Amino acid sequence: MKDYLLKAMACEERVRVYICSSTHLVENARQRFDLWPTSAAALGRTLSVGSLMGSMLKSDKEQLTIRINGGGPIGTVLVDAYSDGHVRGFVSDPHIMLQYNDTGKLAVGTAVGKDGYLEVIKDLNMKENWSGTVELQSGEIGDDFAYYFTVSEQTPSAVSVGVLVNPDNTIQSAGGMIIQMMPDATEEDIVKVEKIVSNMEPISKLISENESLEDILHSLFDDVKILTSQEIEFRCKCDRASMKRVLVTLSKEERQKLIEEDHGCEITCNFCNEKYYFNEEELRDLERFIEQYAK
């Protein structure tokens with residue numbers, strides 16, 4: 001299944017549904033950062049939710065940042081999401097492999113921890129950013145986002161996210177789904193959605209076993225109405241120009257050391273692990289440019 005997301009309505013448009021398939025997106029991240037399975041699952045789940053939340057933004061000038069840190073060995077999970085469906089992100093420690101002894105499943109909750117917070121910062125192109133913070137409930141990502149939507153955005157929501165990892169550590173399937181109750185949702189709608197969620201297979205399994213997201217939605221809801229479809233991908237906005245601006249922030253002494261002692265430098269983008277090399281002559285050109293315009 002290709003990577004894309006759908007926005008849909010169900011229960012006579014009293015229930016809103018967002019669903020995405022993000023297998024290739026998460027595999028891209030895995031390759032970039034050499035993610036071990038539990039790190040891949042934690043980042044992949046957050047990237048999937050990020051894609052869905054990015055699609056909720058009103059304009060292409062808006063973006064949001066998700067930051068999760070529960071005190072676990074994985075450290076911080078950080079994801080940026082944009083309205084056009086692309087996301088980027090990383091984890092502090094990409095080399096975490098933990099499993100639950102009783103089930104053998106990847107122990108994302110243990111890796112993330114729950115002694116901390118989930119924070120969402122929205123840049124809505126206004127004077128000040130909006131932010132919402134909630135205490136982590138489990139560290140498993142899905143439960144934590146369901147709690148965030150209910151508490152911070154006052155929107156009762158069910159959140160399902162999942163990443164299936166192959167024995168060779170590649171990503172078999174990944175995706176996410178958010179089901180939200182509209183203000184006019186009835187008690188019957190709530191009961192119906194609760195039954196669907198409790199009986200639903202893991203979203204990663206549904207994506208692995210179905211040919212399309214449309215098929216998944218039609219199997220869950222008897223009156224689903226697809227509103228929009230959008231491609232998603234892992235994509236970073238870094239480039240050589242932005243990396244060169246990083247060099248400008250260094251002190252003159254630090255830049256001179258890169259020129260005279262190292263004869264060049266390599267800068268790595270935290271968000272995508274892309275590496276940019278600047279040779280000695282490029283650094284000298286930059287220094288001459290700074291001297292000219294600093295006067």
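**Chatting through a predicted model**

Mentor: Let's start with a strand pair in this predicted model. Strand β6, residues 117-123, pairs with β7 in the antiparallel sense, over six bridges.

Trainee: OK, and which residue in β7 is the bridge partner of Y117?

Mentor: That's E135.

Trainee: What order do the strands of the open sheet come in?

Mentor: Six strands form the sheet, and the order is β7-β6-β3-β4-β5-β11. The pairing is mixed.

Trainee: Which ones are the edge strands?

Mentor: β7 (130-135) and β11 (233-234), since each of them pairs on one side only.

Trainee: Switching topic: how many cavities of 30 Å³ or more does the structure hold?

Mentor: One. The largest cavity has a volume of about 30 Å³.

Trainee: How does anyone find empty space like that?

Mentor: You roll a probe the size of a water molecule over the atoms, and that shows where empty space is left.

Trainee: Got it. What lines the largest cavity?

Mentor: L247, R255, L258, I259, L283, L286 and E287. The elements giving two or more residues to that lining are α9 (252-262) and α10 (280-294).

Trainee: Last one, E188. Where is E188 found, and is it buried or exposed?

Mentor: E188 is in helix α5, residues 187-199. It counts as exposed because its relative accessible area is 57%, and the cut-off for exposed is over 50%.

Trainee: How far apart are E188 and C11?

Mentor: They're 177 residues apart in sequence, but 9.5 Å apart in space, going C-alpha to C-alpha.

Key
Residues numbered from 1 in each chain as written. Predicted model: local features only at pLDDT ≥ 70, side-chain atom pairs only at ≥ 80, totals over all residues. Heavy atoms only, no water. 1 Å grid on protein atoms, 1.4 Å probe; cavity = no way out; pocket = protein on both sides within 12 Å on 5 of 7 lines; lining within 4 Å. Points joined across faces, edges and corners; volume = space filled by probe spheres on them. Helix = DSSP H or I, 4+ residues; strand = E, 2+ residues; numbered from the N terminus. Pairing = 2+ DSSP bridges. Buried < 20%, exposed > 50% of the residue type's maximum accessible area, 1.4 Å probe, protein only.
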